[in-house]
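I opened a notebook page for this chain and looked up a few things in turn. The entries follow in the order in which I made them.

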Amino acid sequence: MLTYFEELKTSLLFNGISQKEAEDFFGGIPPRIKKFRKNDIIQGSAAGLKDIGIVIEGSALTIKEDAQGKNIILYLIRKGGTFGEAFNYKNVQLNGLYLTAAKNCRILYIPVEKLLDVTPRSTSAQIKMLKNIPIIISTKLRKQLLRTTYLLKTSARDKIISFLEEESAVLESALTSGDMNKTLLANYLNMDRTTLSKELSSMQKEGLILIEKNRIVLLKPA
């Protein structure tokens with residue numbers, strides 16, 4: 001029996017795949033699972049990827065180090081999220097990208113060689129996963145395009161409003177689960193935490209947003 005199927009069901013990679021199909025894919029061999037503590041390096045920038053990773057507990061960050069040594073958050077990978085699907089096909093190096101644990105987490109690894117080895121005996125789960133990968137990549141691309149619209153805004157307020165217009169529900173869920181905090185949000189919007197906190201405070205005083213414990217809600221257009 002596949003112990004972690006309930007966790008796998010939350011992943012787009014396993015969309016449309018039943019437990020029986022998943023068990024057939026793994027062939028009775030338990031998948032490789034590794035635990036990481038908060039701030040541990042999950043995948044170093046110099047290492048090539050040989051697996052697709054699925055976060056089955058906790059959360060992780062995809063980070064890019066720029067020429068000045070500043071770490072920029074590209075993705076928050078929450079439970080059910082994946083990494084490695086876009087880099088595995090031609091042994092692409094990460095070139096300054098690395099993954100770190102945002103909090104204690106567990107990663108389930110699927111060997112890419114096993115996934116790409118399509119034969120007449122390939123399981124239905126394998127075929128479905130291969131079809132799901134382009135959907136995952138396009139979903140991540142859309143999120144990065146959205147993020148670009150936030151970062152192109154010239155003021156901190158415009159960045160915050162643009163972000164909340166698109167992702168307030170996602171932000172609330174991430175804040176509630178502890179996957180996101182103001183420090184990470186400030187990094188994601190390319191501003192320092194002090195600037196973010198001051199702007200949020202000003203916006204609340206002006207009645208533009210409502211700030212509660214795990215909610216930042218846009219109330220009306222600026």
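The model is predicted, so I kept to its limits: local features need pLDDT of at least 70, side-chain atom pairs count only at pLDDT 80 or more, and totals for chains, interfaces and linings use all residues. Residues are numbered from 1 along each chain as its sequence is written, and side-chain values use heavy atoms, with hydrogens and water left out.

**Entry 1: Asn132**

I looked for a polar contact of the Asn132 side chain and found that one of its polar atoms lies 3.1 Å from the backbone oxygen of Asn15. Asn132 is located in helix 4, residues 124-151. For helices I use DSSP runs of H or I of at least four residues, and for strands runs of E of at least two, both numbered from the N terminus. Is Asn132 buried or exposed? Asn132 has a relative accessible area of 7%, so I noted it as buried. The classes are buried under 20% relative accessible area, exposed over 50%, and partly exposed in between, with a 1.4 Å probe and protein chains only. I then listed what Asn132 touches, not counting residues up to four places away in sequence: Leu12, Leu13, Phe14 and Asn15. Contact here means heavy atoms within 4.5 Å.

**Entry 2: the chain as a whole**

I counted 7 helices and 10 strands in the chain. Along the principal axes, the C-alpha atoms fill a box of roughly 65 × 35 × 30 Å. Buried residues make up 42% of the 222. Of the contacts with a separation of 6 or more, 70% join residues 24 or more positions apart.

**Entry 3: Thr100**

I placed Thr100 in strand 7, residues 97-101. Its relative accessibility is 9%, so Thr100 counts as buried. Which backbone oxygen does the side chain of Thr100 reach? The side chain of Thr100 reaches the backbone oxygen of Asp40, at 3.0 Å. Leaving aside neighbours within four places in sequence, I found Thr100 in contact with Asn39, Asp40, Ile41, Ile42, Ala60, Leu61 and Ile63.

**Entry 4: two positive phi values**

Most residues other than glycine have a negative phi. I noted Asn39 with a positive phi, near 80 degrees. Asn39 sits in the loop between strand 1 (32-36) and strand 2 (41-43), and at 57% relative accessibility it counts as exposed. Asn190 has a positive phi too, near 60 degrees. Asn190 belongs to the loop between helix 6 (182-188) and helix 7 (193-205). With a relative accessible area of 40%, Asn190 is partly exposed.

**Entry 5: Glu166**

I found Glu166 in helix 5, residues 156-177. Glu166 is partly exposed, at 46% relative accessibility. Apart from neighbours within four places in sequence, Glu166 is in contact with Arg142, Leu146 and Tyr150. I also took the C-alpha separation of Glu166 and Asp40, which are 126 residues apart along the chain, and got 30 Å.

Leu2 lies in the segment before helix 1 (5-8). With 7% relative accessibility, Leu2 is buried. What is Leu2 in contact with, leaving aside its neighbours within four places in sequence? I listed Leu8, Gln19, Ala22, Glu23, Phe26 and Pro31. The C-alpha atoms of Leu2 and Ile161 are 43 Å apart, at a sequence separation of 159 residues. Ile29, in the loop between helix 2 (19-26) and strand 1, is exposed, with a relative accessible area of 59%. Ile29 and Leu2 are 27 residues apart along the chain, and I noted 9.1 Å between their C-alpha atoms.

Methods:
A polar contact is a pair of N or O atoms within 3.5 Å; within protein, one must be able to donate a hydrogen and the other to accept it, and residues adjacent in sequence count only if both atoms are side-chain atoms.
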